[in-house]
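The exercises below are meant for someone meeting this structure for the first time. Work through each task with the model at hand before reading its solution.

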Amino acid sequence: ELGKVGDGLELPVFAIGGFARDLLLGGKNDDIDITVEGDGILFAETFAATHECRVKSHAKFGTAVIVLPDGFKIDVASTRLEFYETPGALPTVERSSLKMDLYRRDFTINTLAIQLNPANFGLLIDYFGAYRDLRDKVIRVLHNLSFVEDPTRVFRAVRFEQRLGFQIARHTDNLIRNAVKMGFLDKLGGRRLLNELVIILREREPVRAILRMESLGLLGFIHPDLTLETENLRVLDEVKKVVTWFELLYQRDQVETWVVYFLALTSLLADAAFFEMCTRLSVSEHYREKLIDMRVHGEQMLAVMERKVAGKKPVLRSNIYFWLRGLSPEVLLYIMAKTCRDEVRKFVSLYVTQLREVTCMLTGDDLKAIGLPPGPRYREILDAVLSARLNGEVSTREEESRFVKQ
Ligand code: CTP
């Protein structure tokens, strides 16, 4: 369909980048990137006139996004990208070729183009050895200044390497180490660095990518004190296990797994360093407070539970409930990963799988009906009823009412 619209306008249309890469690797990509040799915006608008979809154009960049009714996105770019403004003259538009467009990309594996016009449908255009590198499982830059032009590519290299199970080519590896040594990464804005880090931590196997970042000396850019020690590495490995466990439970709540990895990775940082790091990464004030809160509450509850277990005192189900109530799933998973005590891990798993669902049947209205004056006492009473239910002392509504009357 895209190719036909291209034909109608006499424009060559290509699927490129991640889409073409993943197609060859046999995987799937969530959206498709296409490039039009010519006016991409005109193309997108023509497509929209005959197909049910929404279009958002960015005239300044010659790009558009087509969103299909099912949410599938088609990013459209034009190879007509260079605008040269000369003093006193009208802006001139230089039509750069597909090859130039592809040359500006990060790695060879992202430079494949697949033609979509019906006459040449499926024609593979491979100017820079993408096919070879996909076959040999290699991440390779196109030119020596790639990381200087865009330092986020250093993190992208690590991400693709781990995700695809590829290897960064030796020369590319050297260019990364050089960029690190020469301080090119210092220029990377906090937002962009955070963005890359989050994408890495959202991958299926973030721990391997973290180890790779450490070996390339990248962690220091996140914060100079950030290192990998036996302890946080152990916690990171545990996060992988508890996240997998949690996903298998099919709980209703969505967990931001990157947050759990982030807390684990930075668990050895002092509070002041953690704060500095958030500032360096341009974490918004609101989110920074949230992360600090998670860290602090997680550590607090972990300490409380570990002390309890060490003291060998019996622990009631209601104790577990009230320790953990109000903690987000991210913090609960962090506690499970961090603790060295099986008992504590079991407390959290009991809470996640059973206790947090427990509620008592009595409500404030019931307390009012039996003549109790409303006030903060209600909360205490209902919590006491809930404790009794958690600990198996009451199980019916009747028993709850009797419990209150005592
Ligand atoms: N790109 C680049 N330099 C960057 C970011 C992106 O050259 N710093 C190029 C890449 O060649 C990539 C394309 O822009 O193929 C689209 O970027 P993005 O959507 O981030 O990458 P995908 O390859 O689609 O990766 P993913 O599968 O993670 O979405």
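**Exercise 1. Describe helix α7: how many residues has it, how far does it reach, and what do its buried residues pack against?**

Begin with the length: in this predicted model, helix α7 covers residues 152-164, which makes 13 residues, and from its first C-alpha to its last it reaches 18 Å, close to the 18 Å expected at 1.5 Å a residue.

Next, look at burial, where a residue counts as buried if 20 or more other C-beta atoms lie within 10 Å of its own. The buried residues of α7 are Arg153, Val154, Phe155, Ala157, Val158, Arg159, Phe160, Glu161 and Gln162. Their packing partners include the helices α6 (146-149), α8 (170-181), α9 (190-201) and α10 (206-215), together with the strands β10 (138-139) and β11 (167-168).

Finally, go just past the end of the helix, where Gly165 takes a positive phi of about 70°.

**Exercise 2. Find which residues surround the ligand and which helix gives the largest share of the shell.**

First list the surroundings, which are made up of Gly17, Gly18, Asn29, Asp33, Arg105, Asp106, Asn110, Asp150, Thr152, Arg153 and Arg156. Then assign them to elements: α2 and α7 each supply at least two residues of this shell, and the largest share, three residues, comes from α7.

**Exercise 3. Trace the open sheet of seven strands and state why one side of β3 and of β9 is left without a neighbour.**

Start with the order, which is β3-β4-β5-β2-β1-β8-β9, with mixed pairing. Because β3 (54-58) and β9 (124-125) stand at the edges and have a single partner strand each, one side of each is left without a neighbour in the sheet.

Now take the pairs one at a time. Strands β1 (residues 13-16) and β2 (residues 32-36) run antiparallel and are joined by four bridges, with Ala15 opposite Ile34 in β2. Helix α2 (residues 17-25) packs on the sheet, where it touches β1, β2 and β8 (113-115), and its direction makes about 70° with that of β1.

The pairing of β2 with β5, by contrast, is in the parallel sense, over five bridges, and here Ile32 stands opposite Ile74 in β5. Strands β4 and β5 run antiparallel and are joined by four bridges, and in their hairpin, which has five residues between the strands, Gly71 takes a positive phi near 95°.

Definitions and conventions: Residues numbered from 1 in each chain as written. Predicted model: local features only at pLDDT ≥ 70, side-chain atom pairs only at ≥ 80, totals over all residues. Expected span 1.5 Å × (residues − 1). Buried ≥ 20, exposed ≤ 12 C-beta atoms within 10 Å, placed from the backbone. Contact = placed C-beta atoms within 7 Å. Pairing = 2+ DSSP bridges. Axes fitted to C-alpha atoms, helices over the stretch in contact; angles between N-to-C directions. Near = placed C-beta within 6 Å.
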